[in-house]
Amino acid sequence: MAEAALDDFRRETRRWLEMNCPPEMRTPPKSADDVAWGGRRFEPSSQAQADWLRIMGERGWTVPDWPTEYGGGGLAPAEAKVLKQEMAALGCRTPLYSFGISMLGPALLKYGTEAQKKEHLPKIARGEIRWCQGYSEPNAGSDLASLATRAEDKGDHFLVNGQKVWTSYADKADMIFCLVRTDTSSKQGGISFLLFDMESPGVSTKPILLISGNSPFCETFFDDVKVPKENVVGEINKGWNVAKYLLGHEREMISGMGLRASEQSLPERALAHLGAEADGRLDDPMLRARIAAFEVRAAAFQAMSERFIDMLKAGKADPAQPSMMKYYGTELNKDRHELMMAAGGADALEWDSGRSHGGVAARSWLRTKANSIEGGTSEIQLNIIAKRILNLPGA
Amino acid sequence: MPMYWNEDQDMLADSARPFIAGNAPVSHMRALRDAGDSHGFSPDVWRQFAEMGFTGILAGEADDGLGLGHVEAGIVLEEIGRNLTPSPFLSTAVGAVTALNMAGDHIRQRWMPGIVAGESVAALAFEETTRHRPHRVAATATKSGNGFRLDGAKQFVAHGHVADVLLVTARSSGDESDRDGITLFAVPRDTDGVTADADRLADASMAARVMFDGVEVDGDAVVGEVGRGADVLDRVLGAVRTGAAAELVGVANGAADMTTAYLRERKQFGQIIGSFQALQHRAAHLYCEMEVARAAVLKAQQALDEGDPEAERHVHVAKAMAGNSAALAVQEAVQMHGGIGMTDEYDVGFYMKRQRVLAEMFGDADYHADRLARLSGY
Ligand SMILES: Cc1cc2nc3c(=O)[nH]c(=O)nc-3n(C[C@H](O)[C@H](O)[C@H](O)COP(=O)(O)OP(=O)(O)OC[C@H]3O[C@@H](n4cnc5c(N)ncnc54)[C@H](O)[C@@H]3O)c2cc1C
């Protein structure tokens, strides 16, 4: 795209955002509960949040680079990048967090039938339907392809029986994208990718409490759940390809978690809690040095994220790059929260006081420990890099 | 600007890569070292750099340069790093050219043609202490006739003993650590009162301790404005720090490529050692660190080329990140080679030595992390 046209787009975008983004939506979310996930049972935390989601959804800017016929913004990569930069410059919140956007959508765009795309993508874009991911099972974690949830062919439908685990927000989601076994004679080659409603008879969920004291994930049980045949994405027994493609997008999403704007940056928190010496340096030289070294890596990873997205959009990224992004980004985010805790000192240890906003520092710190587990562990990402990028044998 | 090379930059890399690997590979550096060469680089190779147009990458078209940017200079530097090519490219084609681009016509026209033609070499005489403190300048510039008299001592001056021109910081006013009052001079090395004693460093490169003892220069030798040399100095430092970071990316990749090749070929316990997960994970982690460093360096290069007001931050990040990731690369390289990695006969140790020198040059990772913290207000 020509520079001049892009400059025009930047100006128009800025003006539009200034006019349409409610002032309350130009500050970072106050807590993990203060972000919009959409769905049939969505309860906005404020009118501004509801408005912002609606306005952005109508414009397709919840998914700027999806085609307009599926509810997207139809933006070219360079335009989508400008939109992101301008939103960041104004401090606009991400209007919608959604597994539909970050995971299922890209997979449907690549593998879905026209009918599936028309049915599901616009509802994802507008935040009308909330999705959850049914991959992991009690005996299928890192070795995901060993999954055992059965889908029996009953002519016009499948009958699904089995159990998933660690299903994030299964109790809040409207629909699930689910890996099921349709053939027991082949490991990867016997898996299919199904979509179905969480309100279907036979689906039940049981929340699991995390070490953070929150309960964002569940055990999910399927007991004779009927799923129409047309809800298979891709071909029957070829679901593993869809699953892997989706995982790449999931990893990309998780890698960026540490880059999200939060209430306070690490140096800000440290200064607020510890104060500065006369020359302006943080009044704790060892912690200052650790924070400074961390901030170098964080800024470098920010550059890496920008580069990765640019390369991905231009078709120049190695297919295994998301593993690198996921590994590095999540390890970094864990380090960030270790330092956040150190910077907060004893204050950051409070678990439910009003002063600590319900222990947000400690709970966030604990939540980040999952980053290097969910979406495939760090060890699994390193295996993938060793095998696919470094061509090391037998990995 | 997207964060990857454009077509022209890809083409430059496609020509620089075989050219440098063909004309100045690691064996070239080894041969110079074994011959006890005290010049520090091959003037023939330097002239070939000029024939390729490399010397004029950052020079303007009015000076017969290519008028390109730091991304392009970095492409050449990465190959210099990968091949451990002894070269005055960083001090001359990046450092001095950046300074000369900010200098008056007279001084620019005096030095630029020789540099672009690959006939002249420049050295940067900034350091006075063993750790990088570029604004701590005790060397003095005292008014004398139409010009100045320079007195002081500099160290870690790469190519200082063979350079045609030395870019020197000296204090024309103020206290030792003031940013104001520094003046930058371009001093011909053969001026009376200049003595340069070169020492070989760990990586076999040559660096000089340069004495200025009552050196008389005229007013034309001032680069930029009297007392405001820090403005030029900071631009030069931005350029050479980014350049050194690009060279470090090359060093890291050279060492890592040797290592992954070795992991794919060496057998123990009846297996290729690259099939051991303990080594796979370390190699994969190293790969990530290097890719992140590469992105940070490209960010700094683009920021300098675009005149981004945040460029200084990006430069600190790039130099620190490149230094650290290259340190990991060379250490893992030696370890994963086992005994052979410790032998002089094998090249991998050269990468370790070069990394150490480049990491120290123009500020190490700690220096730059500290600067980044200061810029961020803590
Ligand atoms: C907060 C959270 C949310 C999640 N959300 C979802 C969700 O919404 N949907 C979903 O389907 N799943 C979800 N997961 C599950 C997640 O994907 C799995 O936990 C993960 O893939 C690891 O599987 P596992 O827990 O069975 O661990 P295991 O596979 O048993 O791993 C145990 C340890 O062994 C290591 N290990 C295993 N295999 C290897 C190997 N080959 N080489 C080296 N080391 C190895 C692992 O790295 C790990 O350290 C979530 C997990 C968490 C923590």
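This is a predicted model: local features need pLDDT of at least 70, side-chain atom pairs count only at pLDDT 80 or more; totals for chains, interfaces and linings use all residues.
Let me start in chain A, where Leu266, Pro267, Ala270 and Leu274 of chain A, in helix H7(A), meet Leu287, Ile291, Phe294 and Glu295 of chain A, in helix H8(A), a contact here meaning heavy atoms within 4.5 Å. These contact residues divide into seven nonpolar, no polar and one charged, where Ala, Val, Leu, Ile, Met, Phe, Trp, Tyr, Cys and Pro count as nonpolar, Asp, Glu, Lys and Arg as charged, and the others, Gly among them, as polar.

Residues are numbered from 1 along each chain as its sequence is written, chains are lettered from A and ligands numbered from 1 in the order in which they are written, and side-chain values use heavy atoms, with hydrogens and water left out.

Returning to the pair, the axes of H7(A), residues 266-274, and H8(A), residues 285-313, come within 10 Å and cross at roughly 165°, the helices being DSSP runs (H or I, at least four residues) numbered from the N terminus. That angle makes H7(A) roughly antiparallel to H8(A), a term used for angles over 145 degrees.

Elsewhere in chain A, helix H1 (residues 3-20) and helix H2 (residues 47-59) pack at an angle of about 150°, with their axes 11 Å apart. The contact is made by Trp16, Leu17 and Asn20 of H1(A) together with Trp52, Ile55, Met56 and Arg59 of H2(A), and these residues divide into five nonpolar, one polar and one charged.

In chain B, the axes of helix H5 (residues 89-101) and helix H7 (residues 229-263) come within 8 Å and cross at roughly 155°, and H5(B) and H7(B) are therefore roughly antiparallel to each other. The residues of their contact divide into eight nonpolar, three polar and two charged.

Finally, the ligand: which chains supply the residues that surround it? Residues from chains A and B do, so the site is shared between chains, and of the 19 residues around the ligand (a heavy atom within 4 Å), A:Ser136, A:Ser142, A:Trp166, A:Thr377 and A:Glu379 come nearest. A polar side-chain atom of A:Thr377 lies 2.7 Å from an oxygen atom of the ligand. From chain B, a polar side-chain atom of B:Gln277 lies 2.9 Å from a nitrogen atom of the ligand, and for A:Asn383 a polar side-chain atom lies 3.3 Å from a nitrogen atom of the ligand.

Methods. Axes are lines fitted to C-alpha atoms, for helices over the stretch in contact, and angles run from 0 to 180 degrees between N-to-C directions. Helices (H or I, at least four residues) and strands (E, at least two) are DSSP runs, numbered from the N terminus. Angles under 35 degrees count as roughly parallel, over 145 as roughly antiparallel, 65 to 115 as roughly perpendicular and the rest as oblique. A polar contact is a pair of N or O atoms within 3.5 Å; within protein, one must be able to donate a hydrogen and the other to accept it, and residues adjacent in sequence count only if both atoms are side-chain atoms.
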